[in-house]
Amino acid sequence: MKKMITALALAAGLATPLAAQDWPSGTVSIVVPYSPSGNTDILARHMAPYLEEKWGQPVVVDNKPGGGSMVGTAQVSQANPDGLTLLMTTSAYVTAPAIQPDLPFDPRTDLVPIANVGYVSYILLTQGDSEIDTLPEFVEDSKENPKFAATAGLGTTTHFAIEQFIAQSGANFDVVHFKGGGPAVVAILSGEADIYGSSVSSAGDNIASGKVKVLAVLGNDRIDALPDVPSTAELGYPETEIHQWVGVFAPGGTDPEIVAKINADINEVLQNEAFIATVTPLDWTLEQSTPEGFAAEVDKELSGWKKLAEEQGISK
Amino acid sequence: MYRIDYVDIVGGALLILFGAAVTYTSVTYYPMGTPSRMGPGMFPAGLGVVLAVLGILLAAQALRRPGPRPDVRIFSPLFILGGIAAFAAIIVPFGLIPAIVAILVISSLADLKIRPVSLVISCIGLSLFAPFIFVFLLGLQIPLLRWPF
Amino acid sequence: MEFLGNLALGLGVAFTLQNLFYCFLGALLGTLVGVIPGLGVLAAISMLFPLTFHLEPTTALIMLAGIWYGTTYGGSTASILLNLPGTPANAVTCLDGFPMAKQGRGGVALFMTTVASFFGASFGIVLLTLFTPIIADYALRFGSAEYFALMLMGLVASSTISEGSAIKGLASVTIGIVIGLVGMDTQTATVRFAFGNLGLLEGVSLIALAMGVFGVAEIIMSVRRVNAADIDPDSVKLKAIVPTRDDVRRSWFPMLRGASMGSFFGTLPGTGPSIAAFLSYAVEKRVSKTPERFGNGAIEGIMGPESANNAADQTAFIPTLSLGVPGSATMALMLGVLMIHGVAPGPNLISTEPELFWGLIMSFWVGNIILLLLNIPLIGLWVRMLTIPYHLLYPAVLMFICIGAYTSGFSPLNIWMVAGFGALGYAMRIFRFPGAPLLLGFVLGPLMEEHFRRAMVLARGDFAVFFERPISAVIMGITGLVLIWGVWSSENMRGKRRARALAREADRRAPGHSEEEVQEGTN
């Protein structure tokens, strides 16, 4: 009975507004707007225990896939700005608004950038038992036998990356959207789609087991995680710098002190030796950022992608 | 007993209306796309048509046969749904315990009999039991008592 | 020989004191969460999730898995006693379980569903043990066209399961799909049917829908009609849980068929237990010589579905562990446990982590036996709930429903939705539309649309794709048969039932009943 009354008093106390020093007052949920087992989801799940240790509160990863990440993103934009609901998303945050004009939120004001986590390169995957071994052969073959290219969703960076490659190489790919990197990789495994611009961690175990074949790294340079795979620039395609970054956001109107605290804590995790050792094999290049610097970057990219989408005619 | 099955005729008519509304909304507000690139409007527009067709079939059958009188109650749904609405309105500004008392009192009225003693006992009992389970055992964060003013 | 070695390895892991304890803890908690209406398995697992950081990955998984299948055991309790399904899979159990409870056979129903759950789970575990790698490969042969066809089959079958017109069943399914589409479109992020309410972006809450359409509508119908005195006091004694010889005889084949169907559907990501339970019910009703007993407390109607959904719960681990593709949010959490501990799920998991894989599988046996031992004595306690006077019981149930709906998202919007769906459910009762197909349509609708649209992209807009791919063509063929059969037999049975209904109506209008009483439904 005594415990009951204490609980009662505690619970009543929780109703008062929170100051930054009390944060976090409860479970922090990190919304990942993609299906489980994709790139962002894996990174979030690796980070969660470190943040939990720092914050002394449970940190739960919550998948809200769909709409090329915009479903989960829109939900966080509507959440309470108490810092207990955070969004961990990819550069889709800046690419999707370029081709989805009627989003129910404004990416410039309805969410606050907290920290840039890092970035990964894209690798082009096809079935492990495919008879084609190189990217130029694959592109040539697509002119006879049209291919399907999977994406992690409409307007995601994987969508932009593959559209850009199609435009540059003259390949005959039709784009099919899935609800994140996990399902897109499964589509390659099952033969439903023929090529996917994936990250190393989304492909996971399937590269080592030979279920998928890596045709090339999309970009100028090879990557350390797969030193034997040529880059598209090496193969004679135009030079291109396309990465997928991952960042953390909070609902617009979150207390700047809380934002600063989360930013500092995330930066600390990104320097943790054990954490670095787990994610480097997955091709992550980690960053250090300030909320202001990240916000400026997001703002610049929002305009940049919009322009690119118009120039290249990428649309729904 | 009705000569024709009015219940199903009204049911069928409501289906037709609902289906038409769904199709109208989809066609008007959401892009349709093409069969190979469907927009968000195509699938629901099709569902609306399916609903309307089912409504027509239902009503057409009902015209050919007698049907029973419906058993429509007024007070039971009123007090029960009212109790739930009161809970929804109270829980955020005033907290869990007032919401519990409200739903117990209002929904009990659906019985059309007032039993003050057992009502008070169940209000007190459940106001202790529910917080014990949800807040204390399961650790959910619901304020028990609040004063918004 | 290697196989026996693996089993021994697994048993060694499962029978350590620590693993046994956490397995018990998981099973107990799962049962409790399953029994409380409105609290989902996901909520329970999320709450205990942080605890798992400090455990070995195998132990952590054993505990979480215990909660996962424990809720399925417990979930049937509220379905049978209160007509309150915790999940769509349990909605099927309501159809015959609740009538059994009304007839004073609630104890038998609870006991037999526990047996069916155990049987189905065991069947699933055997498959999991023997065929994981093979099954994982065949699950990959299902593309978007096949998924769409399977879901269509599930929905059509579900519309034929309830007593009454197949047209109404199909209408319920379709309304369910429309409700499922509320919120953001999963492909283009367009907001549909939300009418400017941003709380609906995420869509309608499943708990609010299930609790409203089933629980609240049932209470509106039962107030002032149900009396605790109606319940035979003998029916709540512990010996009243013993099934009759007839019950047992009728249960074997439904359990077996249910378990096979459940095992199959469990392996397909995203569809799982609910389709399996509905199809199992549809099949039992079709093969039965006395389909008119269904909906009035036929034991086959609870044994098949309960066996099916438990089998599906077990085989759902196959895609999660061997492909790294979780079929549900709950499975994603389990995957999360593995990844946090640096275990990569995928085709190599069984060879790289044999202790984890075999230990987990053996712990399923232990967990299910614990659940069996835990649940049977509890039945006596649960059925006693029926002796609580209804005027005390129903407000308390409403309160639990509201708290459950609120905690699934901490938004009062969910409670408003409970009220709205309660009104819808009541209207559906008046117009005699079945509720269970609505729930399945709601769950499968968005998935179905997604697969339909994707299949059309992959077929370059050619609708014939569903009939050209062999697996999909077979499923579409079966769907067509089910539809024709359903419409034909429901019209056939309608004739018989109408005759009975007319006879009853005539009785009711006998002298002594005023018009008023008939309308207020005092019978």
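Strand S2 of chain A, residues 59-63, is mostly covered, with 5 of its 5 residues buried. Keep in mind as you look around that this is a predicted model.

**Strand S2 and its partner in chain A**

- On one side of S2(A) you will find A:Val59, A:Val61 and A:Asn63, while A:Val60 and A:Asp62 point the other way, and both sets are buried.
- S2(A) runs parallel to strand S1 of chain A (residues 28-32), and 5 bridges join the two.
- For a handy landmark in this pairing, look for A:Val31, which stands opposite A:Asp62 of S2(A).

- Domain 1 of chain A is made of two segments, 26-119 and 243-312, and domain 2 covers 122-218.
- Taken over C-alpha atoms, the centres of these two domains of chain A are 25 Å apart.
- Where they touch, domain 1 of chain A contributes 24 residues and domain 2 of chain A contributes 22 residues.
- On the domain 1 side, helix H2 (39-55) and helix H4 (92-99) of chain A each provide at least two residues.
- H4(A) gives the most to that side, with 5 residues.
- By residue type, the domain 1 side that touches domain 2 in chain A has 14 polar, 9 nonpolar and 1 charged.

**Where chain C meets chain B**

- Here 52 residues of chain C are in contact with 55 residues of chain B.
- Several helices of chain C give two or more residues to this contact, among them H8 (166-181), H9 (206-222), H18 (412-430) and H21 (470-508).
- The largest share of the chain C side comes from H17(C), with 11 residues.
- The side of chain C that touches chain B divides into 34 nonpolar, 10 charged and 8 polar residues.

**The largest nonpolar core**

- This core has 308 residues, and those with the most contacts inside it come from both chains: B:Ile84, B:Phe87 and B:Ile103, together with C:Met399, C:Cys402 and C:Val418.
- Helix H6 of chain C (residues 106-139) gives the most to the core, with 17 residues.
- Which residues does C:Met399 touch, leaving aside those up to four places away in sequence? They are B:Ile100, B:Ile103, B:Leu104, B:Leu126 and B:Ala130.

Note on methods. Residues are numbered from 1 along each chain as its sequence is written. Chains are lettered from A and ligands numbered from 1 in the order in which they are written. This is a predicted model: local features need pLDDT of at least 70, side-chain atom pairs count only at pLDDT 80 or more; totals for chains, interfaces and linings use all residues. Two residues are in contact if their C-beta atoms, placed from the backbone, lie within 7 Å. Helices (H or I, at least four residues) and strands (E, at least two) are DSSP runs, numbered from the N terminus. Ala, Val, Leu, Ile, Met, Phe, Trp, Tyr, Cys and Pro count as nonpolar, Asp, Glu, Lys and Arg as charged, and the others, Gly among them, as polar. Domain bounds come from an automatic or database domain assignment. A nonpolar core is a set of buried Ala, Val, Leu, Ile, Met, Phe, Trp, Tyr and Cys residues joined through C-beta atoms within 7 Å. A residue is buried if 20 or more other C-beta atoms lie within 10 Å of its own, exposed if 12 or fewer, and partly exposed in between; C-beta atoms are placed from the backbone. Two strands pair if DSSP finds at least two bridges between them.
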